[in-house]
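Morning, everyone. Please have a look at it first.

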Amino acid sequence: MAHVTLPREILPTDGRFGCGPSKVRPEQVQALAGPGAVLLGTSHRQAPIKSLVGQVRMGLSDLLRLPDGYEIILGNGGSTAFWDAASFGLIEKRAQNLVFGEFGGKFAAAAGAPWLEAPDVRKATPGSSVAAEPVEGVDVYAWPHNETSTGVAAAVTRVAGDDGALTVIDATSAAGGINFRVVESDVYYFAPQKNLGSDGGLWFAAVSPAAIERIERIAASGRYIPEFLSLKNAVDNSRLNQTLNTPAVSTLFLLDKQLEWINENGGLGWAAARTAESSGALYDWAEASPVATPFVADPADRSPVVVTIDFDESVDAAAVAASLRSNGIVDTEPYRKLGRNQLRIATFVSIEPDDVRQLIKSIDYTIDAMRG
Ligand SMILES: *Cc1c(COP(=O)(O)O)cnc(C)c1O
């Protein structure tokens, strides 16, 4: 199908609506080329980079309003590495994994490591969520705060399971865009290439005293743990503002700028209001549209940061996404394995609510023009 050329006055100022990697604000990139430039290509074992890591840990502590005893730890390999690290060094015997889509499913797979008991996997039908249920013998309860593949968000609420059971939240696409109380979790982990507007490759986690105790106990238990995936190693290195091996300095720098921006503007409350405004505009539009519907049926499950919109058979969503792309509006395709006639749009904090309103006009214009 021929692409539709959009009039300039309805184009967003920035056309990046992807769910990860996602929009990096130009101010961050300018800062990297300016004051950040002297840090690039310098040793991560020297004071300037260690103090950058320290500043990032501080910025995250402020953003997440960490209570005494909680710490920010980090390591290389992104959230995917964290899943394996957790199966080696956080799950003692058995996890309960809530699966609302791809990412929750990947942690469930990692939690199926042969030295653990088979995880208790609770699967939701795509587009909905499922709640945790206390089960004897489960020592980690895990689910995504926001399931990026489907646009389902779930509350962060501590599970009252066995004594010492930990609540472990994948916040990769939620951190910095959805409000919550960190004391409701023991481990709130994420990578910085989504709401936090940086690049990929690192993982971060806010960990409770109980989680640190668990990490230390398993590390001392004699279980085989590869050095790269050792959470004990991450705790020890993070306290010294370093990582086991070389981190991406530019990722740390861009993240630091994003944390400064969110925290100076009012923190998580401000960020959450902004993502709610953007996502609300899309959900309202889809509810009112004769051809579009929010994929997530229950409004309580709808993500404020990843909006999935289904279209009826009169609209070819893949052709719409391709046409938008030819106008510089990129990454509105749905999650590849979901296989739906859908657009998926990130409404992360870096994305201007006005740009989301322009995007809606652009989608309407494209659909009308394709109908001829
Ligand atoms: C993107 C994403 C991941 C994977 O992150 P990587 O840093 O690429 O490993 C994991 N979980 C969720 C919820 C995500 O959105």
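**Ligand shell and core**

The shell around the ligand is made up of eight polar, three nonpolar and two charged residues; here Ala, Val, Leu, Ile, Met, Phe, Trp, Tyr, Cys and Pro count as nonpolar, Asp, Glu, Lys and Arg as charged, and the others, Gly among them, as polar. This is a predicted model, with local features needing pLDDT of at least 70 and side-chain atom pairs pLDDT 80 or more, while totals for chains, interfaces and linings use all residues. Numbering runs from 1 along each chain as its sequence is written, and side-chain values use heavy atoms, without hydrogens and water.

Which residues come nearest to the ligand? Of the 13 around it, they are T80, T148, D170, Q193 and K194, where near means a heavy atom within 4 Å. Helix α3, residues 78–89, gives the largest share of the shell, four residues; helices are DSSP runs of H or I, at least four residues, numbered from the N terminus.

Now the polar contacts, meaning pairs of N or O atoms within 3.5 Å. The side chain of T80 has an N or O atom 2.6 Å from a ligand oxygen. For K194, a side-chain N or O atom is 2.7 Å from an oxygen of the ligand. D170 places a polar side-chain atom 2.7 Å from a ligand nitrogen. The ligand alone exposes 390 Å², and the protein buries 87% of that, by Shrake-Rupley with a 1.4 Å probe.

Last, the core. The largest nonpolar core has 123 residues, and Y188, F204, F311 and I363 touch the most other members. Such a core is a set of buried Ala, Val, Leu, Ile, Met, Phe, Trp, Tyr and Cys residues joined through side-chain atoms within 4.5 Å, buried being under 20% relative accessible area (1.4 Å probe, protein chains only). Helix α7, residues 249–265, supplies the largest share of this core, eight residues.

Notes: Polar contact = N/O pair within 3.5 Å; in protein donor to acceptor, adjacent residues only side chain to side chain. Helix = DSSP H or I, 4+ residues; strand = E, 2+ residues; numbered from the N terminus. Buried < 20%, exposed > 50% of the residue type's maximum accessible area, 1.4 Å probe, protein only.
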